[in-house]
Amino acid sequence: MTNTQHSPVTVLGLGAMGSALAWAFHKGGVATTVWNRTPGKDSELVAAGAVSAATAGEAVRTAELVVVVLLDHASVHEILDPIAAQLTGKQLLNLTSTSPEQSRELAGWAAEHGIEILDGGIMAVPAMIGTEGSSILYSGSEAVFTAHRPTLELLGSVEFFGTDPGLAALWDFSLLTIMYTMFGGFFQGAALVGSAGVTASEFAARASNWVAAMSQLLPPFGRIIDTGDYTSEVFQDLVFTKTALDTLRQAASDAGITAEPLAGFADLVDRQVTAGHGAAAFERTIEALRGK
């Protein structure tokens with residue numbers, strides 16, 4: 001049954017994430033219209049009561065909120081540019097993974113066409129959408145965020161970061177950077193212990209506890225970085241860090257595996273030591289990332 005506290009929603013794009021969002025809207029009682037370039041992906045949603053549209057233009061006609069969940073920034077323009085006139089006066093939510101500058105560009109495009117736009121960064125995998133573990137970060141039009149907040153909360157917890165359309169993407173991409181580098185480290189570690197016959201599942205059980213314990217160091221690291229003082233609190237200096245990373249890379253080589261996931265960070269540390277900062281705390285590596 002449709003819940004009258006929610007305005008009708010259209011979801012453009014039914015990949016894994018788009019489908020999860022559409023299901024969450026539908027289960028929450030939102031009148032949901034769906035469209036996808038490849039036919040057939042909406043069959044289960046339609047059977048459950050969602051409305052299928054033959055074209056993107058048809059899909060946006062009855063919706064007050066149009067949610068875009070496509071592959072990339074180029075895909076968003078490919079689909080939305082031809083129907084810009086039909087979107088005029090409507091409210092648009094971009095949940096496609098676009099960079100901060102791409103999100104700002106899209107907001108400029110929307111303003112030119114009289115479209116209110118909210119940008120979002122999804123901090124969840126599709127299976128998490130609609131559960132307590134799902135979180136979505138928003139920035140851009142506060143009016144759109146406020147008007148549709150009850151509907152957005154069907155997807156997960158919400159947080160508004162301000163009217164700069166690129167801020168949600170900035171937070172999203174920064175957090176995803178941690179995720180992918182962590183996964184890369186796990187894959188390298190699994191390959192390393194795997195050289196001795198240890199299964200990846202066995203390694204994962206121990207690694208998850210280790211990652212949780214090490215995450216407790218992030219707040220003090222952040223405090224040191226914010227002060228810019230890399231000498232008064234030296235948990236581990238850059239010379240020690242370089243030695244440790246060199247040894248880790250040697251262990252990988254000895255085991256016959258690549259140490260590429262570690263190489264980028266190791267190179268940053270090498271440059272800091274070469275520049276004469278070996279006695280500084282290894283948090284100073286961020287200055288190499290900043291180009292200093």
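**A helix pair and its surroundings**

Author: Helix 12 passes helix 13 in a left-handed crossing. The model is a predicted one. The axes of helix 12 (residues 238-254) and helix 13 (residues 260-274) cross at roughly 145 degrees and come within 9 Å. On the side of helix 12, the contact is made by Leu238, Val239, Thr241, Lys242, Leu245, Asp246, Leu248 and Arg249. Helix 13 contributes Leu262, Ala263, Phe265, Ala266, Asp267, Val269, Asp270, Gln272 and Val273. By class, the residues of this contact divide into 10 nonpolar, 2 polar and 5 charged.

Lys242, Asp246 and Arg249 belong to the helix 12 side of the contact, while Asp267 and Asp270 belong to the helix 13 side. Side chains of opposite charge can pair when their charged atoms come close.

The structure holds 11 salt bridges, and some of them lie elsewhere in the chain. Arg223 sits in helix 11 (residues 218-227) and Glu233 in the loop between helix 11 and helix 12, so the pair links parts of the chain 10 residues apart. Arg223 counts as partly exposed at 42% relative accessibility, and Glu233 is partly exposed as well, with a relative accessible area of 38%.

Arg104 takes part in two of these pairs, one with Glu101 and one with Asp164. For Glu101 and Arg104, the closest N and O atoms are 2.6 Å apart. The two residues are 3 residues apart in helix 6 (residues 100-112), which means that about one helical turn separates them. Glu101 is exposed, at 53% relative accessible area, whereas Arg104 counts as partly exposed at 27%. The salt bridge between the side chains of Asp164 and Arg104 has an N to O distance of 2.8 Å. Because Asp164 lies in the loop between strand 8 and helix 9 (167-194) and Arg104 in helix 6, this pair ties together parts that are 60 residues apart in sequence. Asp164 is partly exposed, with a relative accessible area of 26%.

Strand 8 leads on to the sheet. Here 8 strands form an open sheet with mixed pairing, in the order 3-2-1-4-5-6-7-8. Strand 3 (51-52) and strand 8 (157-160) are the edge strands, each pairing on one side only. Within the sheet, strand 4 (residues 65-68) is covered on both faces: Leu65 and Val67 on one side and Val66 and Val68 on the other are all buried. Strand 4 pairs in the parallel sense with strand 1 (residues 9-12) over 4 bridges, and Val11 has Val67 as its bridge partner. The pairing of strand 4 with strand 5 (residues 91-94) is parallel too, over 4 bridges, with Leu65 opposite Gln91. Further along, strand 6 (residues 116-123) and strand 7 (residues 135-140) pair in the antiparallel sense over 6 bridges. There, the bridge partner of Met123 is Ser135 in strand 7.

Technical notes. Residues are numbered from 1 along each chain as its sequence is written. This is a predicted model: local features need pLDDT of at least 70, side-chain atom pairs count only at pLDDT 80 or more; totals for chains, interfaces and linings use all residues. Side-chain values use heavy atoms; hydrogens and water are left out. Axes are lines fitted to C-alpha atoms, for helices over the stretch in contact, and angles run from 0 to 180 degrees between N-to-C directions. A crossing is left-handed if the near helix is turned anticlockwise from the far one by less than a right angle, and right-handed if clockwise. Contact means heavy atoms within 4.5 Å. Ala, Val, Leu, Ile, Met, Phe, Trp, Tyr, Cys and Pro count as nonpolar, Asp, Glu, Lys and Arg as charged, and the others, Gly among them, as polar. Two strands pair if DSSP finds at least two bridges between them. A salt bridge is a side-chain nitrogen of Lys or Arg within 4 Å of a carboxyl oxygen of Asp or Glu. Buried means under 20% relative accessible area, exposed over 50%, partly exposed in between (1.4 Å probe, protein chains only).
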